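I opened this model to look up a few helices, ring pairs and charged contacts. My entries follow in the order I made them.

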Amino acid sequence: MVAFILRRLLVAVPVLLLLVVLTFVLMYTAPGSPFATERGVPAAVLQNLEREYGLDQPFAVQIWTYITNIVTDFDFGPSFVYRDQDVNDLIAQGFPVTLTYGFWAFVLAVLVGGALGIMAAIRQNTWLDYLAVGVSIGAQVLPNFVLAPILVLVFTLWLGWLPGGGWQGGQVEYVILPVIALGTSFMASIARIARASMLEVLSSNFIRTARAKGLPGHRIILRHALKPALLPVISYLGPAFVGMITGSVVIDIYFSTGGIGQFFVASALNRDYGVMMGITVLLGALTILFNLLVDVAYAWIDPKIRY
């Protein structure tokens, strides 16, 4: 198992390095200047700004400095718009907010979606199965940018139970609507995957053999069927969690949470390349990390795939 993890880490490091290089090249070749304005900037001022931020250096020097700062100091460089804050400060300010409701949306999706899918498969062709399938389809066709205003309309304007925006330090009543809006479609996907996987496992020969031996139904499910049925669900969890973090851009803006998505959109509109690169590299690193964790969990459940 240790050798398997080390091999995965050896693959992850060059992938992350390639991501950093590609992100830097894309930003370097992007048209326009982060200091350009509609009124124009005098050439002397522009030269001073580029010298201050190291943009007058050759490409090789800039990318070497950028990578070295990340590796040695975990420093993503300065922001070209927020003059009194660097990229690390903005990430430290917004990422905990996004991570908080992204984590709870992930928990909601896994627990409710997994339970819904497994119960639907166990009770196939019953009212519970039809209800679970109906809820899953209904939840999946509602993207978060459609579901969010519906939730605000119902729970804020009609019922008055929950606030329609803000964060207030992550108080529970401010977290509930972003969590539901973000996690519902992922919950539906997990439910559909879990149901299909459990149905396939329950029709396997080893399950028939277990039933022929007279084993109780709950024992067959818990000891023989649940583990192989969870493999497709686990393979989906890594991309799903990263999808919740990256998909939080809409949620951040709609609910005004102050999360990382707001900084990403603002940096794209203001050509703040430093912030865009920092957030892109951070999300890419999270994608690689969670894919690695999924691979490890997969290998732990099924040792046959450790290669």
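**F74 and the ring pairs.** I started with F74, which counts as exposed at 51% relative accessibility; exposed means over 50% relative accessible area, buried under 20%, and partly exposed in between (1.4 Å probe, protein chains only). This is a predicted model, where local features need pLDDT of at least 70, side-chain atom pairs count only at pLDDT 80 or more, and totals for chains, interfaces and linings use all residues. Residues are numbered from 1 along each chain as its sequence is written, and side-chain values use heavy atoms, with hydrogens and water left out.

I then searched the whole structure for aromatic pairs and found twelve. Rings of Phe, Tyr and Trp (its six-membered ring) pair if their centres lie within 6.5 Å; planes under 30 degrees apart are stacked, over 60 edge-to-face, and the rest tilted. F74 pairs edge-to-face with F76, at 5.1 Å between centres and 75 degrees between planes. F76 is buried, at 4% relative accessibility.

Next I checked F241 and F290. Their ring centres are 4.4 Å apart and the planes meet at 35 degrees, so this pair is tilted. F241 sits in helix α9 (residues 217-246) and F290 in helix α12, so the pair ties together parts 49 residues apart in sequence. Helices here are DSSP runs (H or I, at least four residues), numbered from the N terminus. F241 is buried at 6% relative accessibility. I also noted a cluster in which ring pairs link F24, Y28, F59 and Y66.

**Helix α3.** I checked its length. The 15 residues of α3 (residues 59-73) should span 21 Å at 1.5 Å a residue, and the end C-alpha atoms are 21 Å apart, which agrees. The expected span is 1.5 Å times one less than the number of residues.

Which residues of α3 are buried? They are Q62, I63, Y66, I67 and I70.

**Salt bridge.** I counted one, taking a side-chain nitrogen of Lys or Arg within 4 Å of a carboxyl oxygen of Asp or Glu. R195 bridges to D129, with the closest N and O atoms 2.8 Å apart. R195 lies in helix α7 (residues 172-202) and D129 in helix α5 (residues 127-140), so the pair ties together parts 66 residues apart in sequence. R195 is partly exposed, at 23% relative accessible area. D129 is buried, at 1%.

**T257 and α11.** T257 is in the loop between α10 (248-255) and α11 (260-269). Is T257 buried or exposed? T257 counts as buried, at 5% relative accessibility. Leaving out residues up to four places away in sequence, T257 touches V97, Y101, G166, W167, P178, I251, D252 and Q262.

I moved on to α11, where I260, G261, F263, A266 and S267 are buried. Their cover includes α4 (87-122), α10 and α12. After α11 comes R271, with a positive phi near 55 degrees.

How values were computed
Helices (H or I, at least four residues) and strands (E, at least two) are DSSP runs, numbered from the N terminus. Contact means heavy atoms within 4.5 Å.
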